[in-house]
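Let's take a walk through this protein together, starting with the spaces inside. Have the sequence and the 3D view ready.

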Amino acid sequence: NIYEEGKLNKVKTFACNKKEIAKPSIESGTWNVVITEKYTGNNCEHEKPRKNCRRGKIDVYDHNKKLVFTVSDCLLEGVAGEDRMKTNSDAPFGTYAISSTPFIMGANSGQKRISYGPNPRLSFEPINGSGDEADKSNRSLIRIHGGRQEDKTTYQPLSNPVLKRTQGCIRVYDTDAKDFYDWWVKFHKANPNVKPGKLKIVK
């Protein structure tokens, strides 16, 4: 009898040793960004490599909390090191407010194009008084952008681009930076009254 009763409560989906990952809360009514940081376990491709390369994934959610765009790889490492409280170091965890005009336009040539790439970069700032790591760091001008993936003279894409450390921003591939901006252009055209919301950097 116990056996027959148990069959009625059989688990439909079973996964052994599966970790439950808490999903970050997403605001409705605005579009939001979540950057999930992880260490790859591999050395970084830099002059001063670390034992673990600090990479991440960028997920974009629309005003209905639906996942609508993803950048599968980004770099959260700064040239000043792993102390996230220091300027030019790794990007701090926490919640940021995306700027009302979210994208800063790219440059056709010059140092800005070399540093940030040819595509617009996403602008956001820590929320004053929130008390999280981003707020306590007193840092500013942290962005999502490409860059350092073209020939410095011709601006032609390199055949094997790598994500190089920034002065505290989040680096993405130039192709992903373009796709991110193109997504926003289409989304904003279809939803002109939906404002930018928050950007969260989480583990």
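How many cavities of 30 Å³ or more are there? The count comes to two. Keep in mind as you look around that this is a predicted model.

Start with the largest cavity, which has a volume of about 40 Å³. To find it, pick out the residues that line it: F103, P120, R121, L122, I144, H145, V172, A177 and F180. Three elements each supply at least two residues of that lining, namely the strands β5 (121-126) and β6 (143-145) and the helix α4 (174-190). Sorted by class, the lining has seven nonpolar residues, plus one polar and one charged. R121 is the charged one and H145 the polar one.

Now hop over to the second largest cavity, with a volume of about 30 Å³. Its lining is made up of E45, H46, R55, V162 and L163. Here the classes come out as two nonpolar, one polar and two charged residues.

You'll find S28 in the loop between the helix α1 (2-7) and the strand β1 (30-39). Which residues does S28 touch, leaving aside those up to four places away in sequence? They are H63 and K65.

Note on methods: Residues numbered from 1 in each chain as written. Predicted model: local features only at pLDDT ≥ 70, side-chain atom pairs only at ≥ 80, totals over all residues. Heavy atoms only, no water. 1 Å grid on protein atoms, 1.4 Å probe; cavity = no way out; pocket = protein on both sides within 12 Å on 5 of 7 lines; lining within 4 Å. Points joined across faces, edges and corners; volume = space filled by probe spheres on them. Helix = DSSP H or I, 4+ residues; strand = E, 2+ residues; numbered from the N terminus. Contact = heavy atoms within 4.5 Å.
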